[in-house]
Each structure stands twice: as C-alpha cells, then as structure tokens.
Amino acid sequence: MANTAKGKVCVTGASGFIASWLVKRLLESGYHVLGTVRDPGNHKKVGHLWDLEGARERLELVRADLLEEGSFDDAVMACEGVFHTASPILTKSDSKEQMLNSAINGTLNVLRSCKKNPLLKRVVLTSSSSTVRIKDEADLPPNVLLDETSWSSIEYCESLQIWYAVAKILAEKAAWGFAKEHKIDLVTVLPTFVIGPSLSPELGPTASDVLGLFQGETGKFTVYGRMGYVHIDDVASCHILAYEAAGAQGRYICNAVVLDCGDLAALLARRFPSYPIPKSLPNIYGEQSYDYDTSKARALGMRGYKGVEEMFDDAVESLVGHGHLPTENASTGSLL
Ligand SMILES: NC(=O)c1ccc[n+]([C@@H]2O[C@H](COP(=O)([O-])OP(=O)(O)OC[C@H]3O[C@@H](n4cnc5c(N)ncnc54)[C@H](OP(=O)(O)O)[C@@H]3O)[C@@H](O)[C@H]2O)c1
C-alpha cells in the first residue's frame with residue numbers, strides 16, 4: 001500500500017529489468033512515476049508495468065529515445081527527480097566509436113534535459129561495478145577492498161575489449177563532469193551483477209546469462225570470473241535511498257556477495273541438481289580475492305542484503321514462471 005503521496009519522478013527506460021523493479025517500489029512508496037520508454041504502445045514490453053499496484057493511478061508512460069537530442073525534455077520538466085537507468089543496447093556489429101558515443105551522448109542527452117529544469121532536486125544515475133573492479137593484477141592486490149574511490153582501468157578494459165565497461169566508465173565520468181559544471185545534484189549507484197525475478201516476461205540480457213548457466217553454458221560466467229552479486233529488490237531500494245537521503249552524495253556500490261565463478265557454479269549445481277549447471281568453472285584470471293567495501297551504502301541505510309540463495313531462487317522461479325526454464329521436481333530431482 002502506498003504510504004503518503006510523494007512527488008513525481010522520472011524513470012528512464014522504465015520497461016527494463018532494473019527500472020521495472022524501481023517503478024514498482026516507487027509506486028508502492030507513494031510516488032507518481034513518469035516512465036520513459038521507446039514505444040509506450042508496445043504491450044509486450046510495457047504490459048507488466050500497468051499490472052503494478054498503483055500504476056493505474058500514478059504511472060504515466062511517455063516516449064523518449066536516448067539517441068534523439070531533447071527527447072527527455074518534457075518528461076524531465078514535469079518531475080522533481082530523475083532516475084536514469086536506460087542504457088543503449090551495445091551490439092557486436094556496432095563499431096567501438098558507435099558504442100561509446102551512444103553511451104556517453106545518451107547520458108549527456110538526459111542530463112542536458114535535467115539542466116533545463118530549475119526545480120529538479122536530484123538525478124540518480126545507474127552506473128555499474130564494472131566501472132570499479134576491472135584492473136590488471138598489479139592493481140588488485142590480494143584481499144583488496146574496493147570502494148567508491150576506485151575506477152576500472154580504461155586501458156586494461158580496452159585491451160580485453162570489454163566495451164560495456166569502457167562505455168559505463170566514460171558515461172559516468174561524463175555525467176560527473178556535466179553535473180559539476182551545471183551544478184546538478186547527481187548521485188550514482190553502482191550495482192554488481194543484478195539477480196532476481198524479472199517483472200517482464202521478456203528475457204533481458206542479465207536473465208539470458210542466468211538462463212544460459214542453467215542450461216549448461218560455461219562461457220559467460222567463466223569470462224565474468226570473480227563477480228559481485230546483488231538482489232534486484234536491494235538495487236531498487238538503494239536507488240530510492242540515494243534519491244531520498246538528504247546527505248547522499250557521490251557514488252554508491254550496491255553489492256551483497258562476491259564469488260569466484262567456480263564457487264557460484266558449484267553452489268548452484270548443488271542447490272538446483274536437476275539443471276545441467278556446470279559443477280565447476282575455470283578461473284581464467286588466476287587467483288583473485290578482491291571484495292567490496294559497502295560501508296558507504298550501509299551508512300545510507302542499506303542493510304540486510306538478500307543472500308545469493310534467495311537471489312537465484314527468485315530468478316529461477318521467475319524464469320520458470322515465464323516459461324523460459326522447465327520446472328524442477330523437488331521430490332524426484334527431475335525436470336517437468
Ligand atoms: N543488469 C545488471 O546486472 C546490471 C548491473 C550493473 C549495472 N546495470 C545497469 O543498469 C541499467 C539497466 O540495466 P538492465 O539490466 O535493467 O537493462 P535492460 O533490461 O536491458 O534495460 C535497459 C533499458 O534501456 C532502454 N533503452 C535501450 N536503448 C534505448 C534508447 N536508445 N533510448 C531509450 N531507452 C533505451 C531499453 O528500453 P526498450 O524497452 O525501449 O528497449 C530498456 O528498457 C543499465 O544502465 C546497466 O548498465 C545493470
């Protein structure tokens with residue numbers, strides 16, 4: 001149930017995996033939400049948003065595209081806060097320049113709209129832990145605790161052709177530069193790998209990776225190596241805290257647990273024995289032991305993160321519910 005009436009906030013890319021949960025939690029806590037999507041008439045993509053509690057009374061969906069200059073002006077002008085979660089889809093056929101330009105310009109496009117609204121209180125940008133943790137071995141000493149002062153090495157990411165990380169680093173840095181120059185109150189949230197139920201029946205990029213692992217694919221998670229994981233509900237809460245806390249500033253890592261890919265696979269293979277999950281995965285980066293210092297988000301109010309078992313239980317239930325994975329028969333251990 002909504003508690004009290006709150007203001008109107010804009011969520012960009014509202015139909016996305018993370019954004020949909022954010023919209024759900026914002027509606028539940030009493031906000032009016034103006035969500036931007038590329039096609040408000042596409043029921044397959046936005047239908048789940050209209051099913052959310054409070055949506056009929058307090059949700060509006062409008063069209064906006066990151067790649068069209070000024071596209072977010074009207075949406076942002078109508079709001080007192082902005083959650084910028086939309087992210088252009090990077091495809092293998094795009095050149096490196098196209099990928100990086102669309103990531104940087106997409107973010108600046110939204111911020112240029114924000115600059116035009118003098119009543120805007122704060123912008124919360126969804127960045128990523130990939131802007132923090134990707135460094136060569138020499139810069140990741142054993143058991144290092146990475147905090148918000150850490151930035152991934154662009155040179156190292158380029159050498160490994162991790163264009164997603166390069167795009168996220170450049171987009172976040174461009175956002176900080178623009179916000180400082182134009183005195184925009186910007187806060188960034190840096191989630192690790194986000195796991196949990198998808199509100200949309202569509203299979204997004206993150207759910208596809210999890211589905212692949214449950215179907216026995218080894219490639220993606222092997223390349224992910226040691227990785228942080230966080231439940232999608234905690235990611236939504238962290239965004240809302242970052243928006244509401246008067247003293248929030250700078251970057252906030254949002255992470256529950258860090259695991260080597262082999263340990264994650266072994267844990268999941270034990271927990272879900274009917275699925276052909278690989279029982280181990282190679283450690284292609286050698287020994288890694290970094291973890292995250294999450295005290296900054298804790299000071300904001302983020303406590304009691306959901307654990308890795310709950311994240312994957314919820315993700316699997318959702319993949320089964322949407323018909324992407326067969327059901328596991330708990331008593332016989334077979335797939336239905
Ligand atoms: N998932 C994770 O594990 C994770 C971890 C850390 C950070 N993040 C960050 O979190 C944000 C959301 O990720 P997600 O996993 O929720 O991704 P997602 O499900 O793919 O959502 C991305 C959204 O961006 C929208 N979009 C794509 N191109 C657009 C364009 N040109 N103009 C306007 N909107 C556009 C899409 O809208 P359409 O419906 O129109 O296609 C989609 O709703 C991203 O910034 C991502 O980098 C994700």
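A residue is near a molecule or strand if its C-beta atom, placed from the backbone, lies within 6 Å of it. Of the 26 residues around the ligand, those that come nearest are Gly13, Gly16, Phe17, Arg38 and Ser87. This is a predicted model, in which local features need pLDDT of at least 70 and side-chain atom pairs count only at pLDDT 80 or more, whereas totals for chains, interfaces and linings use all residues. Residues are numbered from 1 along each chain as its sequence is written.

Helices (H or I, at least four residues) and strands (E, at least two) are DSSP runs, numbered from the N terminus. The shell around the ligand takes at least two residues from each of helix 1 (17–28), strand 8 (193–195) and helix 8 (205–214), and the largest share, three residues, comes from helix 1. By class, this shell has 13 nonpolar, nine polar and four charged residues, where Ala, Val, Leu, Ile, Met, Phe, Trp, Tyr, Cys and Pro count as nonpolar, Asp, Glu, Lys and Arg as charged, and the others, Gly among them, as polar.

Two strands pair if DSSP finds at least two bridges between them. With parallel pairing, seven strands form an open sheet in the order 3-2-1-4-5-7-10; its edge strands, each pairing on one side only, are strand 3 (59–63) and strand 10 (250–254). Within the pairing of strand 7 (residues 186–191) and strand 10, Pro191 stands opposite Cys254.

| Strands | Sense | Bridges |
|---|---|---|
| Strand 7 and strand 10 | parallel | five bridges |
| Strand 8 and strand 9 | parallel | three bridges |
| Strand 9 and strand 11 | antiparallel | three bridges |

A residue is buried if 20 or more other C-beta atoms lie within 10 Å of its own, exposed if 12 or fewer, and partly exposed in between. In strand 9 (residues 227–231), five of its five residues are buried: Met227, Tyr229 and His231 point one way, and Gly228 and Val230 the other way. Val230 stands opposite Val194, while the bridge partner of Gly228 in strand 11 is Val258.

Lys168 lies in helix 7 (residues 163–182) and is buried because 25 other C-beta atoms lie within 10 Å. Leaving aside its neighbours within four places in sequence, Lys168 is in contact (C-beta atoms, placed from the backbone, within 7 Å) with Ser127, Ser128, Ser130 and Thr131. Asn143 and Lys168, by contrast, are 25 residues apart in sequence and 25 Å apart in space, C-alpha to C-alpha.

Technical notes
Contact = placed C-beta atoms within 7 Å.
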